[in-house]
Each structure stands twice: as structure tokens, then as C-alpha cells.
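Here is a short report for a first look at this structure. Please keep the view open while reading.

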Amino acid sequence: MNVSVARVPTHSGSKYLQQLAKHWSHKMEVTFSEEDGRIAFPNGSVLEMRADTDTLDVALTVPEGEDFERMRGVVSSHLDRFAFREAPLTFDWTTAA
């Protein structure tokens, strides 16, 4: 498994987390609240999110053999759509140990 994390500066993290979770809830296994969200993709990838007043923290776990960069792009582009007023958001992805 490959794990990538990013701390995205935004004052609307909770809003974006909820919008993304609702958007993907008809296709994927999704659980969320105002502060936390988890989305399980059909390819085995998992996106976990945590919002506070200043940031949206995202952790993306991608199985070996799946396109890691493409999955990062899917997550960031979808969040940018919901954040159109302040997009593009800053995703400084780092690989987690």
C-alpha cells in the first residue's frame, strides 16, 4: 500500500469534505460527519479526511499496482471543483511512512 498525505489550507474544509462525500456516496462506500470522512474506492484505494477551522487534512491509501499519481489527481481535482472560489487548493502531497 502507498500512503500519501496533504494538509490543505482552507477555512472551508468541513464544507468541502461533506460535498465530496455526498458527491461520491452514490458510487462508493462513504461515511462522514462535519469533521471526518472516509471514502472507499472500487479499486481498493481509501481517502480519509479531517477538517478543522484552518485546514483539510487528507490521507490517501492506494494499493500496490494502482496508479498513485492518478488517484492523487482525482482527489485534488474533485476538491478543487467544490472550492472553485478559492481554487486551486494547495496540495503538498507527501508520502507517509
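What covers the buried residues of H1? The cover includes strand E2 (29–32), E3, E4, E5 and helix H2 (68–82). Contact here means heavy atoms within 4.5 Å. Helices (H or I, at least four residues) and strands (E, at least two) are DSSP runs, numbered from the N terminus.

This is a predicted model, in which local features need pLDDT of at least 70 and side-chain atom pairs count only at pLDDT 80 or more, while totals for chains, interfaces and linings use all residues. Residues are numbered from 1 along each chain as its sequence is written, and side-chain values use heavy atoms, with hydrogens and water left out.

**Helix H1**

Helix H1 holds 12 residues (13–24). At 1.5 Å a residue, H1 should span 16 Å. The expected span is 1.5 Å times one less than the number of residues. The end C-alpha atoms of H1 are 17 Å apart, which agrees. Its buried residues are Gly13, Tyr16, Leu17, Leu20, Ala21 and Trp24. Buried means under 20% relative accessible area, exposed over 50%, and partly exposed in between (1.4 Å probe, protein chains only).

Two strands pair if DSSP finds at least two bridges between them. The table lists two pairings.

| Strands | Sense | Bridges | A bridge pair | Residues between the strands |
|---|---|---|---|---|
| E3 (residues 36–40) and E4 (residues 46–51) | antiparallel | five | Ile39 and Leu47 | five |
| E4 and E5 | antiparallel | six | Glu48 and Ala59 | three |

Thr55 lies in strand E5 (residues 55–62). Is Thr55 buried or exposed? Thr55 is buried, with a relative accessible area of 11%. Leaving out residues up to four places away in sequence, Thr55 touches Arg7, Val8, Pro9, Thr10 and Arg50.

**Asp80 in helix H2**

Asp80 sits in helix H2. Asp80 is buried yet has no salt bridge. A salt bridge is a side-chain nitrogen of Lys or Arg within 4 Å of a carboxyl oxygen of Asp or Glu. The nearest side chain of opposite charge is Arg81, 8.8 Å away. Lys and Arg count as positive and Asp and Glu as negative; His and the chain ends are not counted. Beyond its neighbours within four places in sequence, Asp80 contacts Ala87, Pro88, Leu89 and Phe91.
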